[in-house]
Amino acid sequence: MIRPLNFIGLIHILALLATGCGQSSEQARLDRVHDLMTDKMEPAVEGIWDSAGWIVTEEGEEELWPTTDEGWQRVIESAEKVAEAARALQTSRYAASEDDWNEIADGLIGAANRAKRAAADRDKQELFDAGGHLYRVCVACHQRYMTEDHEVTVPEDAS
Ligand code: HEC
């Protein structure tokens, strides 16, 4: 038979376990998000960002857009991978519990599809704009959901 005191003690222990579990599973989720970002998201989106715009070299301005069908095809595949990673973010393995998370991920899928269409159309300006669109969605989610450890520190003289 369980005496009342012991029973209450047991509840406390269970509550503590639940809290501990909650924290570590949230941390585990963030760790999975982190790995998805660095292993999949970033390499994929760089396949778009590195293929639109200009860089300034000693010889002058150089265009980054692809010049071959294979090059454009790689951009299309990069956009598909970004959309794939964004869809993964919406699964229980990665998603936060707030609705905003899935909405922002939807925004990323939309921006990735826009980049894919632009590459299929060989539309340089539109691909460039889609790259900016993608970037703004990444930032929107990071501002909302990145924990403090990842926040950019403001240099002292800027405050
Ligand atoms: C739906 C939300 C969401 C979207 C969209 C998103 N991210 Fe993230 N990203 C996160 C979260 C949350 C973290 C922090 C994970 C952690 O705590 O380690 C993160 C972390 C990262 C990191 C690791 C940063 C670090 O300091 O370790 C990189 C790189 C990154 N994201 C790239 C991107 C890029 C590029 C895009 C857009 C193409 C993007 N992310 C879109 C939620 C998102």
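Reader: How do the residues of the shell around the ligand divide into nonpolar, polar and charged?

Author: This is a predicted model. In it, the shell around the ligand holds 17 nonpolar residues, five polar and one charged.

Reader: Which residues are the closest to the ligand?

Author: Of the 23 residues that surround the ligand, the closest are L30, H34, M37, C138 and C141.

Reader: Which helix gives the most to that shell?

Author: Helix α1 does, with eight residues. At least two residues each come from α1 (4-49), α2, α3 (99-120) and α4 (124-145).

Reader: How do you know that the span of helix α2 agrees with its number of residues?

Author: The expected span is 1.5 Å times one less than the number of residues. For the 21 residues of α2 (residues 69-89) that comes to 30 Å, and the end C-alpha atoms are 30 Å apart, so the two agree.

Reader: Which residues of α2 are called buried?

Author: They are V75, S78, A79, V82, A83, A85, A86 and L89. The label requires 20 or more other C-beta atoms within 10 Å of the residue's own.

Reader: Why are the buried residues of α2 said to line one face of the helix?

Author: Because, seen down the axis of α2, they fall within an arc of 160°. On the other side of α2, D69 and E70 are exposed.

Reader: What share of the protein is buried?

Author: Buried residues make up 19% of the 159 residues.

Reader: In what order do the elements run?

Author: From the N terminus on, the order is α-β-β-α-α-α, which comes to four helices and two strands.

Methods. Residues are numbered from 1 along each chain as its sequence is written. This is a predicted model: local features need pLDDT of at least 70, side-chain atom pairs count only at pLDDT 80 or more; totals for chains, interfaces and linings use all residues. A residue is buried if 20 or more other C-beta atoms lie within 10 Å of its own, exposed if 12 or fewer, and partly exposed in between; C-beta atoms are placed from the backbone. The arc is that of the directions from the helix axis to the C-beta atoms. A residue is near a molecule or strand if its C-beta atom, placed from the backbone, lies within 6 Å of it. Ala, Val, Leu, Ile, Met, Phe, Trp, Tyr, Cys and Pro count as nonpolar, Asp, Glu, Lys and Arg as charged, and the others, Gly among them, as polar.
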